[in-house]
Amino acid sequence: MRSSVMPLGPTVSRDRIITSFPKWYTPAACLQLREHFHGQVSAACQHRNTGTVGLKLSKVVVVGDLYVGKTSLIHRFCKNVFDRDYKATIGVDFEMERFEVAGIPFSLQIWDTAGQEKFKCIASAYYRGAQVIITAFDLTDMQTLEHTRQWLEDALRENEPGTCFLFLVGTKKDLLSGAACEQAEVEAVRLANEMQAEYWSVSAKTGENVKAFFSRVAALAFEHSVLQDLERRSSARPQVGDGDIIRMEEHLPETQDSKRPSSPGCC
Ligand SMILES: Nc1nc2c(ncn2[C@@H]2O[C@H](COP(=O)(O)OP(=O)(O)OP(=O)(O)O)[C@@H](O)[C@H]2O)c(=O)[nH]1
Ligand SMILES: [Mg+2]
């Protein structure tokens with residue numbers, strides 16, 4: 001469904017246009033089992049009543065051990081490239097991705113962080129204000145799965161409780177056979193449930209599930225932004241009957257302290 005109104009700024013590429021609610025990877029570890037956008041969100045989009053959501057950036061932070069494939073995952077999605085050679089990320093880097101969700105422009109600012117211990121303090125300065133935290137591990141190295149607990153704890157420490165969508169992502173899916181992948185996923189889904197995160201397996205090398213994953217991230221972050229914006233605007237609007245409140249005070253016997261303090265200068 002192309003929006004009838006010209007989108008703000010550059011048009012988005014076809015594979016960034018999200019018209020229906022993207023599906024989860026596995027219902028065993030997913031944040032929204034719904035198959036459609038929230039009713040209020042659909043209505044707000046239809047009536048172009050999404051406030052400033054189209055102008056805001058939704059911050060996504062990707063964390064995890066060095067060498068698990070964070071940069072490769074982001075570059076596969078944002079640039080559609082895959083580099084076999086390992087170039088460790090120094091500090092942080094970020095990519096901007098524009099979407100059109102249910103006809104409304106929406107942008108993700110995807111922060112790629114360094115997994116190397118010596119860059120951890122630089123990277124953690126960028127965790128604050130994240131709407132989405134993605135903890136990545138290497139499906140071929142289950143120790144990196146164990147380490148995701150600490151990565152998530154560090155990232156959550158910089159954000160208000162309950163304000164971030166959490167994803168646990170197993171990378172390098174192309175390196176595992178079906179049975180080995182299923183076995184690794186059982187463990188990962190269990191941990192995802194413990195973290196209250198949604199689980200995905202991806203391959204930056206083949207591109208498997210990469211677009212579907214980031215569409216899901218964008219749709220959930222968009223939906224949350226619209227609901228937050230609706231909530232903020234409805235609570236800011238004066239409610240009916242909020243005008244001058246005419247107090248129908250019974251005639252209480254006047255006592256010393258019930259008398260209104262006389263304003264200075266009046267009779
Ligand atoms: N086969 C395969 N190799 C991958 C995949 N993703 C990443 N790699 C390889 O794994 C190595 C590390 O990938 P990076 O994306 O640089 O890892 P990183 O998590 O960004 O590492 P740091 O920046 O040091 O934290 C590189 O040699 C990649 O080519 C994948 O999906 N499949
Ligand atoms: Mg990197």
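Modeller: K59 lies over the face of W111, at 5.3 Å from the ring centre. The model is predicted, with local features needing pLDDT of at least 70 and side-chain atom pairs pLDDT 80 or more, whereas totals for chains, interfaces and linings use all residues. Side-chain values use heavy atoms, without hydrogens and water.

Colleague: What makes K59 count as lying over the face of W111?

Modeller: A charge sits over a ring if NZ of Lys or CZ of Arg is within 6 Å of the ring centre and within 35 degrees of the ring normal. The distance for K59 is 5.3 Å.

Colleague: Why is W111 called buried?

Modeller: Its relative accessible area is 11%, and buried means under 20%, exposed over 50% and partly exposed in between (1.4 Å probe, protein chains only). F94, at 37%, is therefore partly exposed.

Colleague: Why is the pair of F94 and W111 called tilted?

Modeller: The centres are 4.7 Å apart and the planes 35°. Rings of Phe, Tyr and Trp (its six-membered ring) pair if their centres lie within 6.5 Å; planes under 30 degrees apart count as stacked, over 60 as edge-to-face and the rest as tilted. F94 lies in strand β3 and W111 in strand β4, so the pair ties together parts that are 17 residues apart in sequence.

Colleague: How do you know that β3 and β4 pair?

Modeller: Two strands pair if DSSP finds at least two bridges between them, and β3 and β4 share 10, in the antiparallel sense. Strands here are DSSP runs (E, at least two residues), numbered from the N terminus.

Key: Residues are numbered from 1 along each chain as its sequence is written. Chains are lettered from A and ligands numbered from 1 in the order in which they are written. Helices (H or I, at least four residues) and strands (E, at least two) are DSSP runs, numbered from the N terminus.
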